[in-house]
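Please open the structure in your viewer and keep the selection panel at hand.

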Amino acid sequence: MAKSWKNPVFQAFLADAKAQLGEKVLASCIACHAPAAAVTADYKFESRVSQEGVTCNFCHNVSAVDPSSKPASYTFEDANPLLMRGPYSDSDPGSAHSFVYSEIHTKGEFCAACHNYSTPGTDIPIEMTYGRWKTSKAAAGGKQCQDCHMPPYAGQAAPRISKMNRDKVHAHSFRGPRGGALDSVATLKAVVEGGRLKLSVANRRAGHALPGGGGGMRVIALSVSFFGGAGESLSTTSVQTYGIQYADAKGKTPVPKWLAAKVARQTEIPPEGTVVEWCQIPPKAKKARAILVYHFIDPAYVPALKQRQVDLTGHQPVVLARAETKLP
Ligand code: HEC
Ligand code: HEC
Ligand code: HEC
Ligand code: HEC
């Protein structure tokens, strides 16, 4: 969150968006990626705070969120920037700031401000994380986004100021796919059925679909390699790609979210769900090895980013699961 403005991959795509749509596109991007700059209309980023991405003050000054598919649907209350809104009605901030209890901060609806939106006018879905969570069993069971991404622990909220011990404070790590959330999130099974290879991909514990968001950017690729009797490699087949990919007005695909004129393809692994894919077995194949790989960046964009020497640290693909089976 703190890096959402400085993130070099974001900066590279922002430069493209400006080149394609003009400087005015900046205002729409920073509404989510640098909201402190957006709410102060600091479009030149003269203040250092503007560069701090999704900041403490920003989130704790939000007084309401419209969880619809409107982009950046938060109400930022700037009348008193030192009035912090949060989950406690008995906060103990000393003289640092004043506080008020805010129910929205304890609910997944809060995150919908930025993690749920469609393109205004054309209504093309971009971020669907909140919507997919809302209809999941996790949500029905009362699990909020915060429970998984800001896991609660017992301790002190601000140890230097308040000695109050609490049953529940929230890790502000916003643990996501870069922070270990991908470990064992999906499972993969491979069996032979009716002469074909049957692959079952299950979403074990994301509280929403897989991939969880990042429309037009994150994709999960399922492929199979076949080997002969002596272990020699025969072929590799791409079986499925999960994620949402857009086409522009001329039908070119994939294109990034700001050029989306329509959805070119959309597949996902639903929350608590399993999808089944089938694959033909080539002659002479004696072993199949399937692999499920999470790509932060649609591989179609990677060569150009590398050529521009964009720092891709934290964006390397991650293997989610593997499965192997002998073939008859
Ligand atoms: C309504 C909020 C919102 C708006 C507006 C928005 N984004 Fe995003 N963007 C997000 C969210 C949320 C993510 C992260 C999704 C995830 O991690 O699943 C994201 C991710 C990205 C990423 C991927 C970053 C990475 O490191 O992988 C890029 C690039 C990006 N956005 C560019 C833009 C550009 C350029 C604009 C303006 C044309 C824009 N975004 C407008 C919310 C928004
Ligand atoms: C993306 C929004 C967001 C950002 C950024 C953010 N917070 Fe929070 N913070 C929350 C939410 C949401 C909660 C309440 C979680 C709950 O109760 O489920 C919270 C809770 C808190 C609490 C109450 C104790 C606790 O952990 O529950 C304190 C204190 C706090 N935040 C301080 C900070 C500080 C300081 C920063 C910057 C270093 C910060 N927050 C950044 C959203 C944010
Ligand atoms: C003001 C807009 C905004 C709000 C509100 C917001 N986010 Fe985000 N979030 C973003 C953006 C932008 C990114 C993408 C940053 C990037 O990839 O550079 C992001 C990324 C993330 C990620 C992915 C981190 C990673 O490692 O890829 C997680 C997880 C996340 N947000 C969870 C939450 C949760 C949970 C809430 C609610 C408590 C929330 N966000 C509220 C804008 C927001
Ligand atoms: C039951 C736990 C759980 C709940 C509830 C949950 N998440 Fe997640 N989330 C995960 C896991 C596990 C991942 C890693 C898999 C992935 O990246 O899709 C993840 C990934 C993400 C990502 C990164 C998606 C990507 O692939 O780029 C974002 C953003 C995110 N969650 C936001 C949210 C928001 C916002 C909510 C509430 C509307 C929420 N999550 C609810 C477990 C949860």
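Helices (H or I, at least four residues) and strands (E, at least two) are DSSP runs, numbered from the N terminus. This is a predicted model, in which local features need pLDDT of at least 70 and side-chain atom pairs count only at pLDDT 80 or more, while totals for chains, interfaces and linings use all residues. Residues are numbered from 1 along each chain as its sequence is written, and chains are lettered from A and ligands numbered from 1 in the order in which they are written.

Begin with the protein chain as a whole, whose C-alpha atoms fill a box of roughly 75 × 50 × 35 Å along the principal axes, and colour it by secondary structure to bring out 9 helices and 16 strands. Of its 328 residues, 28% are buried (20 or more other C-beta atoms within 10 Å of the residue's own, the C-beta atoms being placed from the backbone).

Next, select 55–146 as domain 1 and 180–326 as domain 2, bounds that come from an automatic or database domain assignment. The C-alpha centres of these two domains lie 31 Å apart. Where they meet, 14 residues of domain 1 are in contact with 13 residues of domain 2, contact meaning that the C-beta atoms of two residues, placed from the backbone, lie within 7 Å. On the domain 1 side, the elements that give two or more residues are strand S6 (125–127), helix H6 (129–134) and helix H7 (137–140).

Now move to ligand 2, which is surrounded by 18 residues, with Cys-56, Cys-59, Pro-87, Gln-146 and His-170 the closest; a residue counts as near if its C-beta atom, placed from the backbone, lies within 6 Å of the molecule. Helix H4 (56–60) and strand S8 (166–170) each give two or more residues to this shell, and the largest share, 3 residues, comes from H4. The shell divides into 10 nonpolar, 8 polar and no charged residues (Ala, Val, Leu, Ile, Met, Phe, Trp, Tyr, Cys and Pro count as nonpolar, Asp, Glu, Lys and Arg as charged, and the others, Gly among them, as polar).

Finally, where does ligand 4 lie relative to domain 1 and domain 2? Both domains give residues to its shell, so ligand 4 lies between them. Of the 27 residues around ligand 4, select Cys-111, Cys-145, Cys-148, Gly-207 and Gly-212, which come nearest. H6 and helix H8 (145–149) are the elements that give two or more residues here, H8 providing the largest share with 4 residues. This shell holds 13 nonpolar, 10 polar and 4 charged residues.

Terms used: A residue is buried if 20 or more other C-beta atoms lie within 10 Å of its own, exposed if 12 or fewer, and partly exposed in between; C-beta atoms are placed from the backbone.
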